[in-house]
Amino acid sequence: MGRLQDRVAVITAAGSGMGRAAARLFAREGATVVVADIDEKAASDTVDEITAKGGRARAHCVDVGDLAALRSLFDMVERDFGILHVLYNHAGIPGPAGLDISEAEYDRAGDINTKSAFFATSYALPLLRRAAPHASIIFTASVSGLVGSPLAPLYSMHKGALVLLMRSLAIAHGKEGIRVNAICPGPIQTPMLPQFFGRNQPAGADDMAAKFAAAIPLGRPGQPEEIAGAALFLASDESSFVTGVALPVDGGYTTQ
Ligand code: NAD
């Protein structure tokens, strides 16, 4: 307990799934968590769960693909907290499958999957500098950012880009006492998982989610709490000499 005592954390997409699990765990470890999500009710439900257990959290409704809205998130953090210890850029969407997509679909997916994380980090940097050497940035990439995804090339491109953004920032800001890492989840049981496979599923094909799960050495998909544990490690001083790492949390999927 207390591994994030009195620290301030922003988690995007914390209204559901892995983001919510991380918000709960960070708050249990003493952090004040800004629960940022496009879904206002989902964000306040996360906050209610945390405060009911005596934790500290604040809901903030934001579409991370909207830079003006994203900017106002960090303006609020500056005004109300004056510092940021943990930026967890978790938001992302499956986006469209394949190559036959419109420019609008391409742009919207990119806005949420990469532009948001780039600018959130840019806006947060002055606040993170004040938290050095306890400042940590975490990106949610994916196993699809480490190996190719034949049915999801755009998503794979976005997640691969986040891995190299993370490595670049780890080198650029290490001497300032800011650590930067990424988590690369395998399939995790959240509302996004059926969306991802449903979107990619050609009519009449085998059940892709089941095929994917069968290819995991641990023989099952992961749970959101199993990602939150990795995020707590990267957010806290327990990982004080860890930076520039793309950590697969995937039941062994990418070892094969
Ligand atoms: P989830 O479906 O449980 O939750 C997604 C949350 O994102 C929702 O609360 C939703 O309201 C919010 N959201 C959607 N668009 C948003 C926007 N524009 N601005 C702010 N919030 C927005 O999903 P999850 O699986 O916990 O997390 C998604 C993240 O995890 C994504 O980055 C995704 O690429 C990544 N990921 C998921 C899996 C998986 O199997 N679930 C695997 C690898 C990576």
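**Fold, helices and cysteines of a predicted model**

Reader: How many helices and strands does the protein have?
Author: The protein comprises eight helices and seven strands, where helices (H or I, at least four residues) and strands (E, at least two) are DSSP runs numbered from the N terminus. Its radius of gyration, taken over C-alpha atoms, is 17 Å, close to the 18 Å that the globule rule (2.2 Å times the number of residues to the power 0.38) gives for 256 residues, so the protein is as compact as a globular protein of that length. This is a predicted model, in which local features need pLDDT of at least 70, side-chain atom pairs count only at pLDDT 80 or more, and totals for chains, interfaces and linings use all residues. Residues are numbered from 1 along each chain as its sequence is written, and side-chain values use heavy atoms, with hydrogens and water left out.

Reader: Which residues of α1 are buried?
Author: M18, G19, R20, A21, A22, A23, L25, F26 and A27 are buried, meaning under 20% relative accessible area with a 1.4 Å probe, protein chains only. That is nine of the 12 residues of α1.

Reader: And just after α1, which residue takes a positive phi?
Author: G30 does, at about 105°.

Reader: Turning to α4, where does the helix bend?
Author: α4 bends by about 45° at D111, the bend being the angle between axes fitted to the seven residues ending there and the seven starting there.

Reader: How many disulfides does a search find?
Author: The search of the whole structure finds zero disulfides, a disulfide being a pair of cysteine sulfur atoms within 2.5 Å.

Reader: Is C184 buried or exposed?
Author: C184 is buried, because its relative accessible area is 0%.

Key:
Buried < 20%, exposed > 50% of the residue type's maximum accessible area, 1.4 Å probe, protein only.
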